[in-house]
Structures are given as C-alpha cells and as structure tokens.
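Dear colleague,

My notes on it follow directly after.

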Amino acid sequence: MRVLVIGGVGFIGSHIAEHFSSRAQVRVLDNLRSGFHENLAGLDVDFIEWSITDRDVVRKAVQGVDYIFHLAAMVSVLESIESRITLVRNRGSRMQTNPTPGTIEIAIVRG
Ligand SMILES: NC(=O)c1ccc[n+]([C@@H]2O[C@H](COP(=O)([O-])OP(=O)(O)OC[C@H]3O[C@@H](n4cnc5c(N)ncnc54)[C@H](O)[C@@H]3O)[C@@H](O)[C@H]2O)c1
C-alpha cells in the first residue's frame, strides 16, 4: 500500500504519516509553510518539499499512490481572511491562496 500525505509535516499530517510508516510506503508533500520537518524524524517516508500550488508536482506526487490524505492548509482563520483576495508567493510558484480544489481535481483525474 502506498499513501500520500499532503501537509504531512503538520500537526495532524505527521501523525498520519507516523501511523502508516510501519504499514505502508509513505510519501509526504509539504512546503514547510507551518509544519516542521522534525515531525518526521525517524520515520521511513519520502519527503517532497514543495507547494501544492504547483500542479505538476502534485501530479507527480499522486502517481502510484493508493490513498491520499490532504491536510495542507492555511490554518489561521484570520490570515486566510486577510489574504483571500491576495495572490501570495509560495514556495515553488505564485498562485491563489486556495489550491485545494486543484489538488482534489488532480487526484480525481488520476483515479
Ligand atoms: N489541529 C486541529 O486541532 C484541527 C482540528 C480540526 C481541523 N483541522 C484542520 O486540519 C488541517 C490540518 O491542520 P493542522 O493542525 O495539522 O495544521 P498544520 O499547520 O500543523 O499543518 C498544515 C500543513 O500544511 C502545510 N502546507 C501549508 N500550505 C502548503 C502548501 N501550499 N503546499 C504544501 N504544504 C502546505 C504546512 O507546512 C503544514 O505542515 C487544517 O485544514 C485544519 O483546519 C485541524
């Protein structure tokens, strides 16, 4: 079984990565915006440090995986409201603040 955890160095995502690391091949996609790489310390996972705003990277990351857990988010409500119209610079590319629909679309197309 192969599992992709998007936002996998964050609070919840890293626990999911830890849970599956002894049961499956785990791949993590996270740009370290608010998560910490140390959360994966000692775990046998493939780590891709990049943003989900980059569709090409998301397409590659979903290749060959059986399950996808999507936890990447701008968790602060205040920050998300303040920047909802603004285009933000993110690691890897310049996109709108909510890339989740595009990520889900890619996952669905991949099947
Ligand atoms: N923590 C809670 O108690 C709680 C409760 C209910 C719901 N949630 C929801 O669960 C989700 C995850 O919460 P969390 O507490 O683990 O947050 P978190 O901030 O610890 O984790 C989010 C992760 O997403 C990553 N990330 C952000 N933008 C990214 C991007 N563009 N590309 C790739 N990675 C990106 C961050 O680096 C971080 O590692 C959020 O949607 C949150 O609203 C959390």
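Gln25 counts as partly exposed because it has 16 C-beta neighbours inside 10 Å; the class covers residues between buried (20 or more other C-beta atoms within 10 Å of their own) and exposed (12 or fewer), with C-beta atoms placed from the backbone. Gln25 belongs to strand E2, and its C-alpha atom is separated by 6.1 Å from that of Val3, 22 residues away along the chain.

This is a predicted model, in which local features need pLDDT of at least 70 and side-chain atom pairs count only at pLDDT 80 or more, while totals for chains, interfaces and linings use all residues. Residues are numbered from 1 along each chain as its sequence is written.

The protein chain averages a pLDDT (the predictor's confidence in each residue, from 0 to 100) of 84, and 79% of the residues score at least 70. Over residues 90-96 the pLDDT is below 50, yet the stretch has 20 contacts in the model beyond near neighbours in sequence; a contact requires C-beta atoms, placed from the backbone, within 7 Å. Where pLDDT is low, the predicted coordinates should not be read in detail.

The protein chain holds four helices and six strands, in the order β-α-β-β-α-β-α-β-β-α from the N terminus. Helices (H or I, at least four residues) and strands (E, at least two) are DSSP runs, numbered from the N terminus. Of the 111 residues, 29% are buried.

Leaving aside residues up to four places away in sequence, Val5 touches Gly13, Ile16, Ala17, Val26, Val28, Phe69 and Leu71.

Around the ligand there are 21 residues, with Gly7, Gly10, Ile12, Gly35 and Ala73 coming nearest; to be near, a residue needs its C-beta atom, placed from the backbone, within 6 Å. Helix H1 (residues 11-21) supplies the largest share of this shell, three residues.

Finally, Leu32 lies in the loop between E2 and strand E3 (45-49) and has a positive phi of about 60° although it is not a glycine.

With kind regards

Terms used:
Contact = placed C-beta atoms within 7 Å.
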